[in-house]
Amino acid sequence: MAVTSADTQKAAASGRGSNPARKRRRLRQFTRRDVVVLSIMVGIPTLIQLVLVWLPTLFSIGLSFVQWNGLDFTDMKWAGLGNYQYIFQNYTPFWPAVLHNIVWLLFLGIIGTPLGLLFAVLLDQALKGTRIYQSIFFAPVMLSLALIGIIWQLFYSQDNGLLNFLLGTAGKPNAVDWLGTPGVNLWAAMIAATWRHAGYVMILYLAGLKSVDPSLREAASLDGAGAWKSFFQVVFPAMKPTNIIIVVITIIESLRAFDIVYVINRGTNGLELLSVLVIQNLIGEGQVIGVGSALAVVLLVISLVPIVFYLSRTFRKEKA
Amino acid sequence: MTTATSVRVAPHQPAAARRHKKKHWATYLFITVMAIMWLLPLVWTLYTSLRPKADTDKYGYFSIAGHYSFQNFIDAWTQGGFPTYFGNSVIITVPAVLLTLFFASMMAFAVSRYSWKFNVTLLIMFTAGNLLPPQVLAAPLFELFKHTTLPYWMSDSGSLLNTYVSVIAANTAFQIGFCTFVLSNFMKAIPAELTEAARVDGASVWRQYWNVILPLTRPALAALGTLEVIFIYNDYFWPLVFIQSGNRLPVTTAINNLQGQFLSNYNLLAAGAMITVIPTLIIYLVLQRQFVAGLTLGASKG
């Protein structure tokens, strides 16, 4: 059954061969038109992805080493590490922003995500009206973060907000300006973010809990494990894929946090975040592309940690 | 499933069952309190939007006296320029979602049905792209669009800035990665024999994609489509960066301007906020299952 290469080529050209060698099969399965079509199908999305996502990312790195006002390419001057030196040493909002991002991450990680998990675990039981409760907690996930910023502004408003009415301080001198006081407004914004985040986590964990083999729980309860123990020693570890996604989502969401604080006060006065500083340096009056890009690179480097962690876990099996 | 278990256990262990009941009571209390807290901001906004400013000025916002009407909605709709903003949202969202699904499904088809050298590399590149914070790409994309010169009959800015195309392109590029990842996982589960058989019958690659695989992918496309409509409708960032003319902004980005426009008229602002919720609310009520399926599709593999 020796097939010469000439035969295979002929077969490939016609698109039909009677008895191909296994090795050559892949070549033979495409006509020339198929190859063109397939190249276009892969080429266009890849081109879009390269030109609009990956090249800009590389350019961001490049721009972080220059001094530029964004107007003319000839104005561009090499700055070396100058922009980085500036943001680390002289740019006053930088370190507060880093701190706020860390606090944001810890808040979502310690309060937002566990709260969503708790909702999921409680609502996964056959409670009466569980679907209604699920819909209530899930509703904020459908809203844009910008809109959430507006809705919570109405809630937090110093003179007319519901919160101060409920606390009985509205209109009195001791009424707290929840969004206007540095040191307070970050917590107010994080609660608004949690309002959405917990519902998102709940939905993912509800799906995760359904995927856990019921016999696992049964076995645990037969062994005499209490509800608490059987959850943390059996059910929770069995949801490992969901747990990984949740960890990644929590980290990435806190690095991406932008809309809520930008809607509240453009990310100033105690609401500085890295993502906001990037934009403040890029749009607005004095465009300082170099500084903005250096901030973007800092954000990129931090983001790569969860991204690489997630990708290496997801694609490890396929590469092997 | 859980009820069945507890019922079966109950006769043997009455003490445990009683404890179980007590715990249920505590669970209800906790979850109900949380649910009320969860609803408060939304209910407060809706409540405020239904009351005339004159009444809230007179009685205060925290009161029940006065009239209730939809007048604020009518005023916000006309004064706020909502018809334009909603139009812009449609102009941006519809093509962006269709292009995203089209490109992502082609890419997913290619990487899931055929194996070649750069398969996994490409898939990793696509997935990673979706996870980056958009702020990282903002400056170079802004400059790229600014320095893409277009004739003035195509764009009054003479470049891609301040055009719908710039927002559609950025959204599409950013969402393709996620959709490709989800769709390729879905397509991998479709038996290889199907395309094999089609190929033996002489079907071209395009026919295998369009007539064999795509119809089978419909559930995933429906779920992702719903999800992407919400994602892109809710996108605040790209129009903020690329669009300067207020009358070209989509609703989500434009509501921020309403704050300045309606100044301290919280009633109008609340009505405006509620108006922007309406499309999401409709999708929520009609396609909630699709939306949830879309969210969990992306997370089911890790």
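**Exercise 1. In which hand does α5(A) pass α12(A)?**

Start with the ground rules. This is a predicted model, where local features need pLDDT of at least 70, side-chain atom pairs count only at pLDDT 80 or more, and totals for chains, interfaces and linings use all residues. Residues are numbered from 1 along each chain as its sequence is written, while chains are lettered from A and ligands numbered from 1 in the order in which they are written.

Step 1. Know the elements: helices (H or I, at least four residues) and strands (E, at least two) are DSSP runs, numbered from the N terminus.

Step 2. Read the hand. α5(A) passes α12(A) in a right-handed crossing. A crossing is left-handed if the near helix is turned anticlockwise from the far one by less than a right angle, and right-handed if clockwise.

Step 3. The angle between α5(A) and α12(A) is about 140°, and their axes are 9 Å apart. Axes are lines fitted to C-alpha atoms, for helices over the stretch in contact, and angles run from 0 to 180 degrees between N-to-C directions.

Step 4. Sort the residues in this contact. The contact of α5(A) with α12(A) has 6 nonpolar, 5 polar and 1 charged. Ala, Val, Leu, Ile, Met, Phe, Trp, Tyr, Cys and Pro count as nonpolar, Asp, Glu, Lys and Arg as charged, and the others, Gly among them, as polar.

**Exercise 2. Describe how α9(A) and α12(A) pack.**

Step 1. Find the helices. α9 of chain A covers residues 185-210, and α12 of chain A covers residues 240-256.

Step 2. Take the numbers. Their angle is about 165°, with the axes 10 Å apart.

Step 3. Name the arrangement. α9(A) and α12(A) are therefore roughly antiparallel to each other. The classes are: under 35 degrees roughly parallel, over 145 roughly antiparallel, 65 to 115 roughly perpendicular, the rest oblique.

Step 4. Read the hand. α9(A) passes α12(A) in a right-handed crossing.

Step 5. List the partners. H197(A), V201(A), L204(A), Y205(A) and G208(A) of α9(A) meet T242(A), I245(A), I246(A) and E253(A) of α12(A). Two residues are in contact if their C-beta atoms, placed from the backbone, lie within 7 Å.

**Exercise 3. How many residues of chain A are in contact with chain B?**

Step 1. Count both sides. 78 residues of chain A touch 77 residues of chain B.

Step 2. Find the main contributor. Helix α3 (residues 32-63) of chain A gives the largest share of the chain A side, 19 residues.

Step 3. Sort the chain A side. It has 56 nonpolar, 15 polar and 7 charged residues.

Step 4. Zoom in on one helix pair. α3(A) packs against α5 (residues 82-113) of chain B at about 125°, with axes 9 Å apart. α3(A) and α5(B) are therefore oblique to each other. Their crossing is left-handed.

Step 5. Sort this contact. α3(A) with α5(B) has 12 nonpolar, no polar and no charged residues.

**Exercise 4. Where in chain A is confidence lowest, and where highest?**

Step 1. Take the average. The mean pLDDT (the predictor's confidence in each residue, from 0 to 100) of chain A is 82, and 88% of its residues reach 70 or more.

Step 2. Helix α1 (residues 5-14) of chain A is lowest, at a mean of 39, and helix α5 (residues 94-124) of chain A is highest, at 92.

Step 3. Check the start of the chain. Over residues 1-25 of chain A the pLDDT is below 50.

Step 4. Read with care. Where pLDDT is low, the predicted coordinates should not be read in detail.
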